[in-house]
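This report describes the strand pairing, the aromatic contacts and selected local features of one protein model. The sequence and the structure are shown first.

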Amino acid sequence: TGISVIKAQEAPENTIESGTTATTVLKVHLHNFMSIAINSDDAYVDLEYKTAEDYDGTGVSQLKEDHLIVSSLSPFIVKVNSSTTSPINADGIALNDDGTSVKIKAERGTSRGMDGAVPSTVTLRFEGDNIIESDLPSLNNTFNITYTGEGQGAYRNKYFGDGEPIAYTTNVIYTITSK
């Protein structure tokens, strides 16, 4: 009789140690940012005086819905001012010697209005005034703005034309800062 010895092949060792780990650090960096923009769909404001009531009544107003778009991750203030002491015409004549006399009223926006902000009404001035204040953050919230020109005959003697409209112009500047 023959004896056969079969030697079993040994499996190679694959050692897997359980309980090992690798660690990394994840940091989420939150930066404050502020932005303010005029809604580009309706960027121009035209106050048109065409009738006796426009001149001698309460004046002319134009509501711009969602006119300002405001973002800030911290409490903020929005200030408004004009680029000139008074709107001027093409000949350099001022509409008013003592300022713009245009009132600007901020209100909660129509599409993305912000709760908690305190909007107000100011007279547009070269020096500027605060028109919106908030202790809360804002992300793309909107504000309706109403521009109102004077009535009661304030502009009665300011037309120097030949039948064509005369435009008095100034830039309205909105600035956002931390509160």
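## Strand pairing and local features

E3 and E9 are paired in the antiparallel sense over 7 bridges, where two strands pair if DSSP finds at least two bridges between them. Strands (E, at least two residues) and helices (H or I, at least four) are DSSP runs, numbered from the N terminus. The model is predicted: local features need pLDDT of at least 70, side-chain atom pairs count only at pLDDT 80 or more, and totals for chains, interfaces and linings use all residues. Residues are numbered from 1 along each chain as its sequence is written, and side-chain values use heavy atoms, with hydrogens and water left out.

Strand E3 (residues 76–82) is mostly covered, as 6 of its 7 residues are buried. Buried means under 20% relative accessible area, exposed means over 50%, and partly exposed lies in between (1.4 Å probe, protein chains only).

An open sheet is formed by 5 strands in the order E1-E2-E8-E4-E6, with antiparallel pairing. Its edge strands are E1 and strand E6 (121–123), each of which pairs on one side only. On average, neighbouring strands of this sheet are turned by 25 degrees against each other, direction ignored; the axes are lines fitted to C-alpha atoms, for helices over the stretch in contact, and angles run from 0 to 180 degrees between N-to-C directions. E1 is joined to strand E2 (residues 60–72) by 5 bridges, and the two run antiparallel. Ile38 has Leu68 in E2 as its bridge partner.

Two residues of these strands have a positive phi although they are not glycine. Asp66, with phi near 50 degrees, is placed in strand E2 and is buried, with a relative accessible area of 12%. Asn140, with phi near 55 degrees, is placed in strand E8 and counts as partly exposed at 44% relative accessibility.

### Aromatic pairs

A search of the whole structure finds 2 aromatic pairs. Rings of Phe, Tyr and Trp (its six-membered ring) pair if their centres lie within 6.5 Å; planes under 30 degrees apart count as stacked, over 60 as edge-to-face and the rest as tilted.

| Pair | Type | Centre to centre | Angle between planes |
|---|---|---|---|
| Tyr49 and Tyr55 | tilted | 5.3 Å | 50 degrees |
| Tyr49 and Tyr155 | edge-to-face | 5.2 Å | 75 degrees |

Tyr49 lies in the loop between E1 and helix H1 (52–56) and Tyr155 in the loop between strand E8 (138–149) and strand E9 (172–178), so their pair ties together parts that are 106 residues apart in sequence. Tyr49 and Tyr155 are both buried, whereas Tyr55 counts as partly exposed at 26% relative accessibility. Ring pairs link Tyr49, Tyr55 and Tyr155 into a cluster.

### Nonpolar surface patch

On the surface, Leu26, Val28 and Leu30 form a nonpolar patch that has about 420 Å² of accessible area together. Patches are made of residues with over 30% relative accessible area and no salt bridge, like charges being joined within 9 Å and nonpolar side chains (Val, Leu, Ile, Met, Phe, Trp, Tyr) within 5 Å. A salt bridge is a side-chain nitrogen of Lys or Arg within 4 Å of a carboxyl oxygen of Asp or Glu. Accessible areas come from the Shrake-Rupley method with a 1.4 Å probe; for residues, only the protein chains shown count as cover. Leu30 is found in the segment before strand E1 (34–38) and counts as exposed at 78% relative accessibility.
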